Amino acid sequence: MRYHISVLFFVLNLNLQAEQFTVFEEGGYFGIKDQAGTVTVPAVYEKLGWSNGSIKVYNGVIGFRQDKLWGLITVRNKALTGQKFYTIDPISNNYFKASIKGKFSNHLFHGVLDDKGRTVISFNYFTIESFSANWLVSVFDGKEQKFGVVSFENKIIVPPNYLSVEEKNNLLLCRQKGKKIDLFNARGVNLELGIDSLTYNQGWIVYRDGYAGFLSKTGETMHDFDYKTIHVMNGEPEAIRFPEWTVYQSDSVFLKWECDSLELSQNGLFVAYLNGAHHLLLKNSMLLNNHEFLLKDASEAHLVVQNSKTREWNLLSNAGEVLFGGYDSIYANGNYFAALKGKDWSLVDRIGVSQNRFDLQKLIQGLDEQFIGQRNDYWGIIDPKSESTTAYKYDSIIALENVYLVSYLNRWGVMNRENSWEIRPEFNEIISIGKFLIGRRGNAYTVYNQGELLLKTAWKPIKEMEGFLLLKNEGMYGLMNESGGLVVYPEYDSIRVWNNHFELRNNGVVSLISGSGKKILNQNENYQQVRGFSEGYFLVEKENRWGFVDEQGRLRISNRYDNARVFNEGRAPISLRGKWGFIDYEENLIIQPYYENTSQFIKGLAVVHRNGKSGLIDKNGTEVLELIWKSVHRLNTGNYIVQDINGQYGLVNEDGSFILRPAYDHLSDFENQVVVSKRGAWGVLDYSGQQIYKINHEDVKVVGEFTMIKN
């Protein structure tokens with residue numbers, strides 16, 4: 001009965017050249033019979049079939065298991081391989097994926113056998129799958145699975161360096177880390193590297209670092225990477241260029257570049273924006289004429305560039321000569337460079353000579369031209385100028401402005417540029433607050449200034465305020481000076497600073513002290529707040545009314561105003577019954593409360609508002625610019641932009657005289673030149689209204705000495 005049930009369970013009718021074979025069980029072991037019932041494979045195997053559970057015969061071949069290891073035999077019991085595989089499974093009629101265990105790990109390494117038992121793909125791979133007319137293979141580097149493609153002849157078509165590989169229209173799209181794509185044809189010929197995206201339309205529209213190009217169906221370049229986009233019309237690609245920007249310095253052309261927009265960065269380099277990507281620009285003929293070189297950093301002596309195609313980084317002289325290169329990343333620190341290759345960092349000089357004896361896991365910029373290096377998971381400080389290096393024994397190192405925070409044996413201290421301890425490593429953490437360094441051990445804090453111990457306290461340091469350290473204790477605040485002196489005991493709800501004076505708030509009332517701790521306003525005087533300080537007067541609130549006290553705390557202008565602002569140029573705006581005017585230091589009402597709102601006086605003029613209109617008055621209240629304007633706004637140049645009731649903009653000088661009458665949709669003032677627009681066209685005028693650059697451009701920007709015009 002057991003034999004009958006087993007046969008029902010395991011029988012499989014196999015069609016092989018019109019001959020059927022049956023897997024049978026006998027005594028717990030398995031064999032094969034042919035159609036006539038003749039035993040062709042005796043029942044001596046633990047299992048016949050495949051490690052995935054299937055028992056189908058492929059081209060007269062089946063897997064067998066003995067002693068928990070697999071091999072291949074024919075249905076006529078001819079051994080094709082020994083029993084040496086941990087798994088074996090069919091992946092086509094003629095090929096079988098098998099695995100062996102690595103010598104130095106428990107990972108299984110996969111290869112491919114043919115139906116003769118021969119190894120056709122070596123056992124080097126984490127996974128193997130059928131992939132069109134090739135094999136998709138992967139390796140595992142301990143962190144990530146990387147994919148490649150191998151031919152049936154065991155030739156590497158695509159090296160296993162990619163996060164994924166997919167086939168589209170007979171091309172292989174291989175995705176790198178960072179989402180870049182390398183493009184190969186089916187023969188393994190590399191067509192393009194470092195692609196960001198691509199779409200198929202009678203060919204390939206391809207983008208790399210903001211530039212568009214076009215490849216044929218088979219991947220040949222038809223339009224290089226120089227364009228904003230590619231349109232396919234009637235089956236033919238049409239390349240669309242970027243708008244051209246011209247940068248003028250004074251009256252001469254500084255550079256020209258095709259891009260969507262152009263800006264000047266903080267380090268003085270131009271930044272071109274292209275389809276969401278951005279590039280640093282330099283007036284260098286080699287870089288301007290070669291879009292493959294992406295400028296990453298520049299100084300007076302060198303250029304750090306990346307090849308957009310190969311993704312390799314190089315160091316160039318300013319003349320364009322390659323000093324060294326072939327790295328995955330380079331960054332500069334003075335005259336020395338951190339260069340990454342694979343997983344290892346090297347510290348190199350300007351000609352590419354390594355300055356460190358060992359390959360390092362990481363290199364981080366330190367103080368001056370020093371570097372922070374990591375080796376064997378520990379950190380040290382490298383000084384290439386003095387050719388000195390600390391031992392690689394620290395848990396962590398962080399560079400501040402002039403010292404290092406260093407963790408050693410899980411305790412933090414502070415080390416100077418000469419690698420000497422300024423604060424011994426004995427704290428749970430070191431906190432940097434302005435000029436102060438604070439060591440914390442549990443809930444206890446030790447405050448240092450330039451390595452000198454100032455204070456040991458249980459009060460928590462919060463932030464620096466005008467050279468003082470704000471302390472907190474059970475929700476209350478105090479102040480310590482830079483010498484460690486306690487200026488204010490932590491007993492206030494909040495502390496604010498006004499011109500090196502401190503407003504101390506408690507229970508809704510404030511007191512005011514100087515930086516030396518001298519009392520200016522006492523709490524029992526019941527002031528509600530200090531709003532600001534200017535020209536020797538503090539603006540203070542008492543009983544919801546505003547007045548002014550001087551630096552000795554004397555009430556100079558009584559709290560009689562509904563609202564007020566601080567003095568500027570001897571005038572303070574004050575509000576009574578919802579209207580604004582101005583008083584002087586002696587509280588003479590120089591300008592009656594007449595306006596709905598007003599600015600402070602700057603260079604003798606104030607912007608005022610009445611009945612929804614704006615204008616300018618002088619310090620005596622005389623209207624310098626009539627109150628008929630929709631808006632009046634003071635610029636950093638000292639001039640004023642005015643807008644009329646039709647929404648047109650003009651420009652008024654500090655005397656209230658018109659530089660440009662309102663006639664423009666937009667207006668920006670850049671000292672002696674004014675960028676304007678009319679009906680969507682932009683141009684540049686001088687203060688006499690003459691056109692420096694005609695009002696017929698798509699866009700105009702002025703930054704410092706440069707004028708950027710979009711043609």
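Analyst: The protein chain has a mean pLDDT of 91, and 97% of its residues reach 70 or more. This is a predicted model, in which local features need pLDDT of at least 70 and side-chain atom pairs count only at pLDDT 80 or more, while totals for chains, interfaces and linings use all residues. Residues are numbered from 1 along each chain as its sequence is written, and side-chain values use heavy atoms, with hydrogens and water left out.

A cavity is a set of points, on a 1 Å grid over the protein atoms alone, where a 1.4 Å probe fits but cannot get out, and its lining residues have an atom within 4 Å of a point. Grid points are joined across faces, edges and corners, and a volume is the space filled by probe spheres set on the points. The structure holds 1 cavity of 30 Å³ or more, and the largest cavity contains about 110 Å³ of space. It is lined by 13 residues, and those closest to its centre are Trp257, Leu280, Leu281, Leu287 and Phe293.

With helices (H or I, at least four residues) and strands (E, at least two) taken as DSSP runs numbered from the N terminus, at least two lining residues come from each of strand E29 (277–281), helix H2 (285–288) and strand E30 (293–298). If Ala, Val, Leu, Ile, Met, Phe, Trp, Tyr, Cys and Pro count as nonpolar, Asp, Glu, Lys and Arg as charged, and the others, Gly among them, as polar, this lining has 10 nonpolar, 3 polar and no charged residues.

Methods: On a 1 Å grid over the protein atoms alone, a cavity is a set of points where a 1.4 Å probe fits but cannot get out, and a pocket is an open set with protein on both sides within 12 Å along at least five of seven lines; lining residues have an atom within 4 Å of a point. pLDDT is the predictor's confidence in each residue, from 0 to 100.
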